[in-house]
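Student: Hello! I am new to this structure and would like to learn how to read it. Could you take me through a few features?

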Amino acid sequence: MDETEFWELIDTTREAAEGDPEEQADLLVDRLLQLDPEMVLDFARHFEARYSRAYHWDLWGAAWVLLDGASDDAFDYFRCWLIGQGREVFEGALHAPDSLAELLEDFDEEIDGDGEELGYAADEAYEQLTGTVAPDLGIAPAPAEPEGTPIDFENAAVLAELYPKLSTRFKG
């Protein structure tokens, strides 16, 4: 599976789920079950590589503003959700986290921002296909700490300065 196929799976399942991340995860498992186990592992490698790339203080700060706080777990689930939003939103957010204010057309705080189930879709599909737990993906482990410079999430003035668009849209 190449990068284009990965993003096509993400996009088609998000569109079919009408943006609901839990429904998207279910649809993604269904689509992955149509592939052979090695392709499912390829999908998992693409997902994990992006998940690790998103482990950045700047993005965590954006998630903090967007979600009105983001614990370690909440940021993990946010990164899964962000991947589920597709390539344009994902890459845009990595390049300029404050751009999420413009990249996200709608944001429903009841369902958006938490893509925990998306993070398990490949594992679930692999287990259903093979009856075994997915093997190690053979990719570098995620860094122990986020990349970049730590941010004082409790300082509203710092957050407003770093994320003016997000702060205006989601705090104003």
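Tutor: Gladly! Helices (H or I, at least four residues) and strands (E, at least two) are DSSP runs, numbered from the N terminus. This is a predicted model, where local features need pLDDT of at least 70, side-chain atom pairs count only at pLDDT 80 or more, and totals for chains, interfaces and linings use all residues. Residues are numbered from 1 along each chain as its sequence is written, and side-chain values use heavy atoms, leaving out hydrogens and water.

Student: Where does Asp68 lie?

Tutor: Asp68 sits in the loop between helix H4 (57–67) and helix H5 (72–84). Its phi is near 60°, a positive value in a residue other than glycine.

Student: Is Asp68 buried or exposed?

Tutor: Buried means under 20% relative accessible area, exposed over 50%, and partly exposed in between (1.4 Å probe, protein chains only). Asp68 has 60% relative accessibility, so it counts as exposed.

Student: What about Glu18, in which loop does it lie?

Tutor: Glu18 is in the loop between helix H1 (3–16) and helix H2 (21–32). Glu18 is not a glycine, yet it has a positive phi of about 50°. At 75% relative accessibility, Glu18 counts as exposed.

Student: At what angle do H5 and helix H8 pack?

Tutor: Axes are lines fitted to C-alpha atoms, for helices over the stretch in contact, and angles run from 0 to 180 degrees between N-to-C directions. H5 and H8 (residues 116–130) pack at about 75°, with axes 6 Å apart.

Student: Which residues make the contact?

Tutor: Contact means heavy atoms within 4.5 Å. H5 contributes Tyr77, Cys80, Trp81 and Gly84, while H8 contributes Glu116, Leu118 and Gly119.
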